[in-house]
Amino acid sequence: MARHTRAVHLPLDTTDLSARAIASQLVALIAAGQVGDGDWLPSTRALAHEVGASRTMVAAAYDELVAAGFLEGVPGSGTRTTVGATAAARAGLSSRAPCLEKTNVVPAAHVTAHRTDAVDLRPGTPDTGLIDMRAWARAWRAAASTRPTTLSPWQDTDDAFTAAMSRHLRTNRGIDTDTVFDVPGSTAAFQTLAAVSGLTRCYLESPCYPAAADEFSRTGLDLVFVPVDHDGLCVDRLGDDPGIVYTTPAHQYPLGHRLSVNRRAELVAWAKRTGSIVIEDDYDGEFRYGVAPLPAIRSIPGAGEHVAYVGTASKMLAPSLGAAWLVPPLPLHDAVQTYLREHRIAVSTITRMTLTALITGGELQRHLARASREYRCRRDILITELEARCPGLEVLGVQAGLHVAILLPDSRPDLDVAELLRADGLLVSPLSTFPQQPRSEINGITVNFAQIDRSTARLFAECTAAVLAQGAPW
């Protein structure tokens, strides 16, 4: 029998307004029987007005619960709880991983030993709890229902994956290509390009992504560090010798700067003039907040001869997929293809098929839209807490990506600050530990906001303020 709709009052606690808090409270109301299976919820606009939150925040909370299966959207009607939501809530199920919830927080001043329940705020991981598990399961079922071939992944030409990923890159990054190679992680792409380029030098941003520096060093390239500023890589410091230029232009890793339009054009012109190759690592370029997307370097006219584009599912979905993609410079297409086959480098066939299903069904695009809204809310929460408790600190990289860099006073070495925060149960990455030349040129920490909630953001800001206010024990 169809359930009659009724007006549902949601007595939410407005003292802690975040998408995560709203989602948690809604699950608690479902468990308590105040909201039953099939009940219609207020519109995002109505609930936002009622509790004094932004509509974006409420929409992100609803999205989280839809992804977890507690709610469902009915086109033209609204949002309601699903059949079975009450049983799931009363069984203790949540819309996110339990490890993200922080209870019984000990104030920083009372901590005397290293915590064992540390919150990891180091950059590198998204929130997999935002994945719509029903869409995820459908995609994997569709892939699993296809009869396996007798070919190994590196032997199997997957035209469907190539077409789907080409469409994704065209839609999201403006890259027009029909050549996309799958690789099991971005470092496999770096290894391949270094091996087939014929170049002996690698220019790295200073500071840069440690795994990239390790991989290029392992391949025997001569590493040359190039400074970055607020406009990204300083192209005028590259010199005249040809080489591979490794750059993270959408959200410089780890400082977060965006490579300016002028420098993108200058970098392509420099590569043409010197016969070099640019590796554009677009590790989290899909996430932008309140700014227009800058063109991918590979999308610049004439860049196809000298620019390799590398993308990954690690930030979009989950690192555990082990999936990345490589668009090589046009002259290196055949060499890359041969190297990948000879070295048996490829993503598993079923993973490729799953990604293809997520893209062609529109689920990946919906996930990116949903995740972007939620990540923006979490970024705003972190910045608000920092501004309230640590005024004056410069925060970099707020326009894109999943982490920010916080510059510290020179009197407070980032290694010591990180160690004191670790004692408070908070893990961060000191900027001085990233590969760079000269060493320890930048003093600060990186903070991943992808899995943060208001209580954790407040704890981090309070602990940071306490650490900075302490007299230096060294």
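The model is predicted, so to speak of local features a pLDDT of at least 70 is needed, side-chain atom pairs count only at pLDDT 80 or more, and totals for chains, interfaces and linings use all residues. Residues are numbered from 1 along each chain as its sequence is written, and side-chain values use heavy atoms, with hydrogens and water left out.

Let us begin with the sheet. Eight strands form an open sheet with mixed pairing, in the order S4-S11-S10-S9-S8-S5-S6-S7. Strands here are DSSP E runs of at least two residues, helices are H or I runs of at least four, and both are numbered from the N terminus; two strands pair if DSSP finds at least two bridges between them. Strand S4 (181–183) and strand S7 (232–233) stand at the edges with a single partner strand each, so one side of each has no neighbour in the sheet. Helix H11 (residues 333–342) packs on the sheet and touches S4 and S11, its direction making about 40° with that of S4. Contact means heavy atoms within 4.5 Å.

Now look at strand S10 (residues 307–312). Six of its six residues are buried, so S10 is largely enclosed by the rest of the structure. Buried means under 20% relative accessible area, exposed over 50%, and partly exposed in between, with a 1.4 Å probe and protein chains only. In a regular strand the side chains alternate between the two faces of the sheet. In S10 both faces are covered, with Val307, Tyr309 and Gly311 on one side and Ala308, Val310 and Thr312 on the other. S10 pairs with strand S9 (residues 277–281) in the parallel sense over four bridges, and isoleucine 279 has alanine 308 as its bridge partner. With strand S11 (residues 324–327), S10 pairs in the antiparallel sense over four bridges; here glycine 311 stands opposite tryptophan 325.

Finally, turn to two helices. Helix H13 (residues 363–389) and helix H15 (residues 454–469) pack at about 30°, their axes 9 Å apart. Axes are lines fitted to C-alpha atoms, for helices over the stretch in contact, and angles run from 0 to 180 degrees between N-to-C directions. The contact includes Ile381 and Leu382 in H13, and Phe460 and Ala461 in H15.
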